There are 2 protein chains.
Amino acid sequence: MTPKSQKHWTGDVGTLLRVGKGFRLDRVDANDTPGYGRRKRDSIDDLVAGADELSELQERLYASSDVSGAAVLLVLQAMDTAGKGGIIRHVVGSVDPQGVQLAAFKAPTPEELAHDFLWRIRGQVPEAGKIGVFDRSHYEDVLIGKVRELAPADEIERRYGAINDFEQELTDAGVRIVKVMLHISPDEQRDRLEERLDRPDKQWKYHPGDVDERMLWPAYMDAFQTVFDRTSTPQAPWYVVPANRKWYARLAVQSLLLGTLLDIDPHWPAPTYDVEAERERLLAT
Amino acid sequence: MTPKSQKHWTGDVGTLLRVGKGFRLDRVDANDTPGYGRRKRDSIDDLVAGADELSELQERLYASSDVSGAAVLLVLQAMDTAGKGGIIRHVVGSVDPQGVQLAAFKAPTPEELAHDFLWRIRGQVPEAGKIGVFDRSHYEDVLIGKVRELAPADEIERRYGAINDFEQELTDAGVRIVKVMLHISPDEQRDRLEERLDRPDKQWKYHPGDVDERMLWPAYMDAFQTVFDRTSTPQAPWYVVPANRKWYARLAVQSLLLGTLLDIDPHWPAPTYDVEAERERLLAT
C-alpha cells in the first residue's frame, strides 16, 4: 500500500533497499538515492508531508493497541557520523513524544555484562502502541563485539541464531521490526569528522576513539556483511540506506516506517462504553 | 534574562504565573492570557520561534552536562482534558527526542504500592543534560490520594514535607524543577469531554471514570490549593497556567522552559582533546 504522502517515490523503497539473498554491501553506492524522483530542494516538503501522516498513524496505532497489541521497532546501526541522530531528530522527532520509546545502547555496564547480551535489550522492547527506536542495539554484540573480539568466536557465532530467535519472538508478540543500516562512505565520514573538529558547537560530539574505529573500517564492513547474511529474515529484514545525502536517508527511513504502519493499518477503536449514556451523565454534571 | 524569541510578552511569564504567598486558585480566570500581547493568530509563529530556541538550548544543556550536571524537570498536573498531552506534543515535541525523558505516571501497580510513594518517582528523575517531563507525578499522591482517601490522613499530611525534601535534594543535585498546573474551568472541561464523545477519532480518549472525577471538582480544587500552599517553594515553585485557551498554555509553558534554560545558560564545552592533533590523526586515515 502506498501512503498518500509518498507519491514522489518512483519505486517501493522497502523493496529497493531490503537486504535479500546475495546482497553485497560493497556494491552499494552511499551517494545513491534509490527510488526518489525529485530533487534535494523538494525533499523538505516531502518530509513534512510524510511527518504529518506518520504522526497520525502512530496515534491510531496507540489508540488501537489495547486490541491489536501491535508495536513498531526501528533498529538503527551505522558507522559514526552516519546520521542516526539526525534520523531520530528529524524523522522520529515528528511523532508525538508520548508515542515514542527511545533506547540508546552504549558500551555495556558491568551489570549488563554479567547477563546474556540480550538481557538489556529485552528491557527496552517497545510497549504496544509505540514506535520503539534502538540507537545501536543487540547488533553491537556482533559488530564491535566481533571486530574488537570482545567475546570468544564461538559466542559471537552463537549470537546470530539467538538474535533470530529473539526477533521471531518479538514478531510473534506483535512487534514489527525494521532494521536499518545507514551507509556512508569512508570519505564522507572523514569530512563529517573534520567538520566536528572545525565547529565549536560540534567539537563535543567528537571523540578520539572515533578515529580508532574508523581505522577498522574494512573489518566493520565485513562484520556488517555477516550480519546481513545471517539475520536479514523475512520477519525482520535489514534495509541498507545510502546515507551520504542526509536528506535522502531521512526520507527513506520515514518511508520505511510509513510502509510498516500502513501495513499494520491501525483503526480508531470502537468505544467500549455507551456513548449516549455517557453524554447524558456528562451533561447532568 | 529574556529569550530573543520572547519579545511578544508584555511581562515576565514566570513572575506572572508563579504561585507566591497568598495565592488563591479560585481567583484565577482560566480564560485569561497573562502577559501575552498579541493575538491567537500570531501565537503559532511565536511558538515556532520559541521551539527553535528551546531546541538549541537543550542541545547546549546536553553538550555541557558532563561538566554542569544540570537537568530540567517539568512536572505537569491538571484535571482531565486540560491539555497535558498537547503540551507534550507541541512544546516538548519540538525538542530532539534524544534530549527528552518522558515519564507518565498512571495508577500505581501493586509493586509500586509496596514502596514509599516517591520510589517510582525517583526511578524517573531525568539524567543530566535532559529535559525530563512528568505527565502526572508524585503530586497525584496528595491530589487523588487525598480526594479519594487512598491513604490515611496523617500519611497524606506527611507527604507534603517529604515532597519538599525530595525536591530540595533534586535541586541540590542540579535538577531545575518547573511545576505546572494547567487550569481549565469546569465548563471548558464539559465541552472538551463532549467533543471526545462526538468524534470517532477521540472516543478512545474518553473514559467513564472521567465523569466520576469531574463530579469531585471542588474537592480537587481544594487539594490543589493545599498543594500550592505547602509545596510552592523558592527552589521548586508552582506555576498556574490558565489553559482554557490551548494556544496560550503552550506558549506560556514553552516560555517557562526557555526561562529556566536561559537561567542555566549552558555553553558549548571546550574540547577535552587536542583539536590539531586529532585533525592530523584523522587526515592520516
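1. The area buried between chain A and chain B is about 4,100 Å², and carbon and sulfur atoms give 60% of that figure. Buried area here is the accessible area (1.4 Å probe) that two parts lose on being put together, summed over both. A:R89, A:W204 and A:L282 supply 17% of the area that chain A buries against chain B, more than any other three residues.

2. On provenance: this is a predicted model, in which local features need pLDDT of at least 70 and side-chain atom pairs count only at pLDDT 80 or more, while totals for chains, interfaces and linings use all residues; side-chain values use heavy atoms, with hydrogens and water left out. Residues are numbered from 1 along each chain as its sequence is written, and chains are lettered from A and ligands numbered from 1 in the order in which they are written.

3. The contact between the chains (heavy atoms within 4.5 Å) takes 42 residues from chain A and 42 residues from chain B. Across this interface 18 residue pairs are in polar contact, both residues at pLDDT 80 or more. A polar contact is a pair of N or O atoms within 3.5 Å; within protein, one must be able to donate a hydrogen and the other to accept it, and residues adjacent in sequence count only if both atoms are side-chain atoms. On the chain A side, the elements that give two or more residues are α2 (40–63), α4 (84–90), α9 (186–198), α10 (209–214) and α13 (275–283). Of these, α13(A) gives the most, with 6 residues. Helices (H or I, at least four residues) and strands (E, at least two) are DSSP runs, numbered from the N terminus.

4. Salt bridges (a side-chain nitrogen of Lys or Arg within 4 Å of a carboxyl oxygen of Asp or Glu) number 10 between chain A and chain B. One joins the side chains of B:R89 and A:D96, at 3.6 Å from N to O. Over all chains the structure holds 56 salt bridges. Another pairs A:E188 with A:R192 at 2.8 Å, N to O; both residues lie in helix α9 of chain A, 4 residues apart, about one turn of the helix.

5. Chain A has an open sheet of 5 strands in the order β2-β3-β1-β4-β5, with parallel pairing. Two strands pair if DSSP finds at least two bridges between them. The edge strands are β2 (100–104) and β5 (238–242) of chain A, each pairing on one side only. Neighbouring strands of this sheet are turned by 20 degrees against each other on average, direction ignored. Strand β4 (175–183) of chain A and β5(A) pair in the parallel sense over 5 bridges, and A:V180 has A:Y239 in β5(A) as its bridge partner. Helix α11 (217–231) of chain A packs on the sheet, touching β1 (71–78), β4 and β5 of chain A, and its direction makes about 155 degrees with that of β4(A). Axes are lines fitted to C-alpha atoms, for helices over the stretch in contact, and angles run from 0 to 180 degrees between N-to-C directions.

6. Chain B likewise has an open sheet of 5 strands, ordered β2-β3-β1-β4-β5 with parallel pairing. Its β2 (100–104) and β5 (238–242) stand at the edges with a single partner strand each, so one side of each is left without a neighbour in the sheet. The twist averages 20 degrees from one strand to the next. Parallel strands β2(B) and β3 (131–135) of chain B are joined by 5 bridges, with B:A103 opposite B:F134 in β3(B). Helix α12 (246–264) of chain B packs on the sheet, touching β1, β3, β4 and β5 of chain B, at about 165 degrees to the direction of β4(B).

7. The UniProt annotation "domain: Polyphosphate kinase-2-related", from an unreviewed entry, covers residues 44–261 of chain A. Its positions are given in the numbering used here, feature names are shortened, and annotations may be inferred rather than shown by experiment. Over residues 44–261 chain A is 52% helix and 15% strand, with the end C-alpha atoms 21 Å apart.
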